[in-house]
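Student: I have a sequence and a model open and would like to work through some contacts. Please take me through them by question and answer.

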Amino acid sequence: MNDLRRNSPRRYFIDDDGRRVLIGLTFEETFEFERLDHLSDQHDAGHVLWDPSGRPASGPAQRWLELYSKHDRAWLQWMESARTARKKDLPILN
């Protein structure tokens, strides 16, 4: 699942209803995550969702972190499954 420029794998897939969703999240969770992610982009100060100690500074920041963590765990599992599948398909060289 690489993009056209051969960069890192995409973290999205198409669900059963033909909608683009982040791996590990539902369509609704993907929509919520992207909305929360966009909020942090609207501030000039950078990561205003985080307090000086690096913890979520608000409820929305905490929810963003929950959704990101859920997605990231699923993505890492997907990557490991893909690696394992590739290893099984490789010929054994003696």
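**Loop, core and rings**

Tutor: Arg 19 lies in the loop between strand 1 (12-14) and strand 2 (20-22), where strands are DSSP runs of E of at least two residues and helices are runs of H or I of at least four, both numbered from the N terminus. This is a predicted model, in which local features need pLDDT of at least 70 and side-chain atom pairs count only at pLDDT 80 or more, while totals for chains, interfaces and linings use all residues. Residues are numbered from 1 along each chain as its sequence is written, and side-chain values use heavy atoms, with hydrogens and water left out.

Student: Is Arg 19 buried, partly exposed or exposed?

Tutor: Buried means under 20% relative accessible area, exposed means over 50%, and partly exposed is in between (1.4 Å probe, protein chains only). Arg 19 has a relative accessible area of 29%, so the residue is partly exposed.

Student: Leaving aside neighbours within four places in sequence, which residues is Arg 19 in contact with?

Tutor: Contact means heavy atoms within 4.5 Å. With neighbours within four places in sequence left aside, the residues in contact with Arg 19 are Phe 13, Ile 14, Phe 27 and Glu 28.

Student: Which residue forms a salt bridge with Arg 19, the closest N and O atoms being 3.1 Å apart?

Tutor: Side chains of opposite charge can pair when their charged atoms come close. A salt bridge is a side-chain nitrogen of Lys or Arg within 4 Å of a carboxyl oxygen of Asp or Glu. The partner whose closest atoms are 3.1 Å from those of Arg 19 is Asp 15.

Student: Is Asp 15 buried or exposed?

Tutor: Asp 15 lies in the loop between strand 1 and strand 2. Its relative accessible area is 15%, so Asp 15 is buried.

Student: How far is the backbone nitrogen of Arg 19 from a polar atom of the side chain of Asp 15?

Tutor: A polar contact is a pair of N or O atoms within 3.5 Å; within protein, one must be able to donate a hydrogen and the other to accept it, and residues adjacent in sequence count only if both atoms are side-chain atoms. Between the backbone nitrogen of Arg 19 and a polar atom of the Asp 15 side chain, the distance is 2.8 Å.

Student: Which residues are linked with Arg 19 in a network of salt bridges?

Tutor: Asp 15 forms a salt bridge with Arg 19. The network that includes Arg 19 also holds Asp 15 and Asp 17.

Student: Which residues make up the largest nonpolar core?

Tutor: A nonpolar core is a set of buried Ala, Val, Leu, Ile, Met, Phe, Trp, Tyr and Cys residues joined through side-chain atoms within 4.5 Å. The largest one has six residues: Leu 22, Leu 25, Phe 33, Leu 36, Trp 64 and Leu 67. At least two residues of this core come from each of two helices, helix 1 (27-41) and helix 2 (59-89).

Student: How many aromatic pairs are there, and why is that of Phe 33 and Trp 64 stacked?

Tutor: Rings of Phe, Tyr and Trp (its six-membered ring) pair if their centres lie within 6.5 Å; planes under 30 degrees apart count as stacked, over 60 as edge-to-face and the rest as tilted. By this rule the count is three aromatic pairs. Phe 33 and Trp 64 have ring centres 5.5 Å apart and planes at 25°, so the pair is stacked.

Student: How many residues apart in sequence are the parts that this pair ties together?

Tutor: Phe 33 lies in helix 1 and Trp 64 in helix 2, so the parts tied together are apart in sequence by 31 residues.

Student: Which residues do ring pairs link into a cluster?

Tutor: Trp 64 and Tyr 68 also form a stacked pair, 5.3 Å centre to centre with 5° between the planes. Both lie in helix 2, four residues apart, about one turn of the helix. The cluster linked by ring pairs is Phe 33, Trp 64 and Tyr 68.
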